[in-house]
Amino acid sequence: MKTVLVATLLLVAPIAAHAACAATDFAIQDVKVSAVGTGIATRLSVRGKLVNNCSAPAAAQVRLDAKDGSGNVLATKMGWPAGTTNISPGQSVDFDMGRLLHYDSDMQSYSLTVVDVKAW
């Protein structure tokens with residue numbers, strides 16, 4: 001019986017460690033949006049910093065919503081700013097998610113949200 005209990009704990013422990021960090025443990029800071037280039041060569045730059053405020057190393061998935069002047073979402077993209085690398089507690093990673101979107105002059109505002117957390 002002890003063997004079953006120990007085996008169960010060993011299987012559940014990684015899940016519990018993974019659940020230790022939540023989307024609210026990450027912060028997005030210093031966001032700067034700009035259009036780079038002119039004419040057909042214009043591309044979007046949405047730069048920021050993703051900060052891990054969790055007590056464990058983890059990575060976060062970020063959603064970028066581009067909105068028109070009325071607040072309607074024109075495009076949504078998601079990405080992992082640190083890729084498959086965990087960010088250490090208290091550390092940050094710089095990112096630019098603008099390259100995921102095609103520039104549209106109707107885009108007036110942008111929102112960035114942490115939507116998922118994973119320990120790789």
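Predicted model: local features only at pLDDT ≥ 70, side-chain atom pairs only at ≥ 80, totals over all residues.
View 1. Another facing pair is Val33 with Val46 of β2. The two strands, β1 (residues 26-36) and β2, run antiparallel and are joined by nine bridges.

**View 2. Strand β2 sits between β1 and β5 in an open sheet.** The order of the three strands is β1-β2-β5, and their pairing is antiparallel. β1 and β5 stand at the edges with a single partner strand each, so one side of each has no neighbour in the sheet. On average, neighbouring strands here are turned by 15° against each other, direction ignored. As a reminder for this view, strands of a sheet pair through backbone hydrogen bonds. On the β5 side, five bridges join β2 to β5 (residues 92-96), again antiparallel. Look for Arg47 here: its bridge partner in β5 is Asp96. Strand β2 itself, residues 43-52, is mostly covered, with seven of its 10 residues buried.

**View 3. One disulfide ties Cys21 to Cys54.** The structure holds one disulfide, and the sulfur atoms of Cys21 and Cys54 lie 1.9 Å apart in it. What is the handedness of this disulfide? The torsion about the S-S bond is about -85°, so the disulfide of Cys21 and Cys54 is left-handed. The pair links distant parts of the chain, 33 residues apart. Cys21 belongs to the loop between α1 (2-18) and β1, while Cys54 belongs to the loop between β2 and β3 (59-67). Both Cys21 and Cys54 are buried.

View 4. Centre the view on Phe26 and, leaving aside its neighbours within four places in sequence, you will find Leu50, Val51, Asn52 and Asn53 among its contacts. Its contacts also include Ala58, Ala59 and Ala60. Further along the chain, Ile87, Val114 and Val117 are in contact with Phe26 as well.

View 5. Between β3 and β4, six bridges make up the antiparallel pairing. A handy landmark on this pairing is Asp65, which stands opposite Thr76 in β4.

**View 6. Asp68 lies in the loop between β3 and β4.** This loop leads from β3 to β4 (73-79). Is Asp68 buried or exposed? With a relative accessibility of 17%, Asp68 counts as buried, because the cut-off for buried is under 20%. The side chain of Asp68 reaches the backbone nitrogen of Asn72 at 2.9 Å. Beyond its neighbours within four places in sequence, Asp68 is in contact with Leu74, Asp106, Gln108 and Ser109. Asp68 and Ser109 are 41 residues apart in sequence, yet their C-alpha atoms are 6.5 Å apart in space.

**View 7. The whole fold puts the close-ups in context.** The protein has one helix and six strands, which run α-β-β-β-β-β-β from the N terminus on. Of its 120 residues, 30% count as buried. Among contacts between residues at least 6 apart in sequence, 68% join residues at least 24 apart.

How values were computed. Residues numbered from 1 in each chain as written. Heavy atoms only, no water. Buried < 20%, exposed > 50% of the residue type's maximum accessible area, 1.4 Å probe, protein only. Helix = DSSP H or I, 4+ residues; strand = E, 2+ residues; numbered from the N terminus. Pairing = 2+ DSSP bridges. Axes fitted to C-alpha atoms, helices over the stretch in contact; angles between N-to-C directions. Disulfide = S-S within 2.5 Å. Contact = heavy atoms within 4.5 Å. Polar contact = N/O pair within 3.5 Å; in protein donor to acceptor, adjacent residues only side chain to side chain.
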